[in-house]
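Student: I've just opened this structure for the first time. Could you walk me through it?

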Amino acid sequence: MSPRGQDPTARNRSGNRLPFAGIAAAALLAAGSIWWSAAPLAGGSAGTRLSLIVAIVAGVLSIAQLAIVAAVPRDTDAYSPTEQAARRVAELITTLPWAELMTVATLALEALHAAPAWHTAVLAFALIGYLFAVHLAETEAGASVLRTQLSLLAAGAGLTALAVGASALPSLPAGPAAALLRVAAIVIAVVVAGLVVPAWLGRSH
Amino acid sequence: MASPVGQEEPRQLPVRWGLSAHARRLLTLALAGLVIAIVTRRPEFAGLAAPALLLLATWRTDRPRQVAARVSMASSVVVEGVQTSVRIEIHGLADFWACLVVEPAETVTAGAAVILPSGKPDRSASLRLVPMRWGRRSLGLLMITFSDRYRLTEGRVLVRLPSVNCRPRPAQLTGSVVLSRLPSRLGEHPARVTGEGGEFAGVREFVPGDRQRRINWPATTRQGTLHLSTFAAERTQNLVVIADETADVGEPGSSSLDLVLRGAAGAVTRYLAARDRVGLIIHARSLTWIGPGQGQRHASRLLDLMMASHGGWDRAVSLTRLPRAALPPGALILVFSPLLDPLLIEALRDLRERGFSVIVVDVLNAEPHHGRSTLSKLTAQIWRLEQEAIRFSLTQIGVPVVHWDGVSSLDEPLAPYTRRVVVARR
């Protein structure tokens, strides 16, 4: 505690500590997702550059949105014209769904590249991670709240792996490899069902 | 008087349910992945949508339309700058977390958001609020957000917080101005005349009829005849506080009206604590007053009068003679004013002519805005000279004017008058 009896840690308008870690994690995952879906830039079809610009702008503004919501006070007392203009800009940033826009732009970037299936699966994990980081930073909750959703996340990862395998099947020659992949797909489907059904049944508890 | 406020019984409030922001983002990811999978015929994009779809599958459909809530406060009377708390009780929606966030009204600050975990059918919390300016005002709105365990569903309830009567923060005042002549009422100020008080006044010769318990034996032994101790009589003092509410100039929060009310509240509190009889005159568009009295209930009446807008005795605006009924003879008059109203200045001159001891606490902390032109500067100079002339003219007729900035204690400007008895002159 500081000499005046106040906690020196930066706090937001709700009086809680600012979620620096959550915002930093969201920023890293957003940057990683955009880079992963855009590289190589020359390999994209028409519209890649536009999608990249939209993704970068939306990503930056989604992080700015988190920072503004967490740190800027909502006092309505009189301000100078400059402060009022800054307040209008902040309101505009916090009103629009930048995270959704970045997600769509990143998926479009990925679709414009002829990337292998596993490449898209990695992007799926990065985007889910980004959305959860945004959620945690927004609600100022700890990572422990994800514990209840671990089974569903694991099931989702299994389904993504299944989709990657399904897309690889046509290119595989008939033989033991294809048979092994089919068996693995069945096992994954069963495991996914085993993870999802209890979570779905217990969603009201 | 302070009384508890709020609802007696919990009230049923409608809950507006919807997708949380997290659910909207997951839905966007899932839909975008599925659309791209169909358009590009790439199944891996459907797999990309799978985790989001699975998470959304836990969306709850059993959501009650109403919840019972009760808002209450310990007292409807609060003091500006002093923390108060509002108690909220929620009955129902035990499966949902509840996040309580106060949207405070203007000049009210709220504490941190409170989160009530799920699991209990009856939950309660205390929310901290600090009203920053006096007046009757609403504390704001309370937003209760219910969310399920996966934070996909959100139900919102809006609750209006109770209105409070926020009294001005009393200015700090530890000393008190005491007149040399006090009315013959029992009190706590030692008077110049002898009486039954506790303060030693002198020694005199014993006369038949005097109480033997007051015999001063050392003096008796020295003089050889009976002598006894005399004590000062203890009298009360009548104080009338005049609060000038005709002008409100300066920065909100430290305007002249803020200082008038805080200073008047400080004086009322201090003198009533010293068992003096205190009255109050509000000089505004209308003139209202309460005659001198004592006790906590009287203090409450005086402070409520400061908050009241209109009421009581109402006369023409051109009134320059304050009513006799509000001014007991020999009372000390303490005036809190920015001295901008010529009618009040005229009334103060009249008070002095009527023989009252008047002290003016000048609370003017602002000047009119002037431009940079020569004419504006000249106007500003004339305005300042006029203000100085007003204060000088009052001082000349025996009305001391002291300036109070509202930051320091009231003891500082009143120090020359609290250190010794003020001689009441007629």
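Here are some questions and answers about it.

Tutor: Before we start, this is a predicted model, where local features need pLDDT of at least 70, side-chain atom pairs count only at pLDDT 80 or more, and totals for chains, interfaces and linings use all residues. Residues are numbered from 1 along each chain as its sequence is written, while chains are lettered from A and ligands numbered from 1 in the order in which they are written.

Student: What radius of gyration does chain B have?

Tutor: The radius is taken over C-alpha atoms, and the globule rule is 2.2 Å times the number of residues to the power 0.38. A compact globule of 426 residues would come out near 22 Å. Along its principal axes, chain B fills a box of roughly 125 × 70 × 40 Å with its C-alpha atoms. Its radius of gyration is 33 Å.

Student: Is B:Glu234 buried, partly exposed or exposed?

Tutor: You'll find B:Glu234 in strand E16 (residues 227-235) of chain B; strands (E, at least two residues) and helices (H or I, at least four) are DSSP runs, numbered from the N terminus. Buried takes 20 or more other C-beta atoms, placed from the backbone, within 10 Å of the residue's own, exposed 12 or fewer, and partly exposed is in between. B:Glu234 has 19 such atoms within 10 Å, so this residue is partly exposed.

Student: How are H4(B) and H5(B) oriented to each other?

Tutor: Helix H4 (residues 256-273) and helix H5 (residues 296-307) of chain B pack with axes 10 Å apart, at an angle of about 170°. Axes are lines fitted to C-alpha atoms over the stretch in contact, and angles run from 0 to 180 degrees between N-to-C directions. Under 35 degrees counts as roughly parallel, over 145 as roughly antiparallel, 65 to 115 as roughly perpendicular and the rest as oblique. That's why H4(B) and H5(B) are roughly antiparallel.

Student: How many residues of chain B take part in the contact with chain A, and how many are charged?

Tutor: Two residues are in contact if their C-beta atoms, placed from the backbone, lie within 7 Å. Chain A brings 41 residues and chain B brings 36, with helix H1 (21-40) and helix H2 (43-56) of chain B each supplying at least two. Ala, Val, Leu, Ile, Met, Phe, Trp, Tyr, Cys and Pro count as nonpolar, Asp, Glu, Lys and Arg as charged, and the others, Gly among them, as polar. Chain B's side has 19 nonpolar and seven polar residues, and the charged ones number ten.
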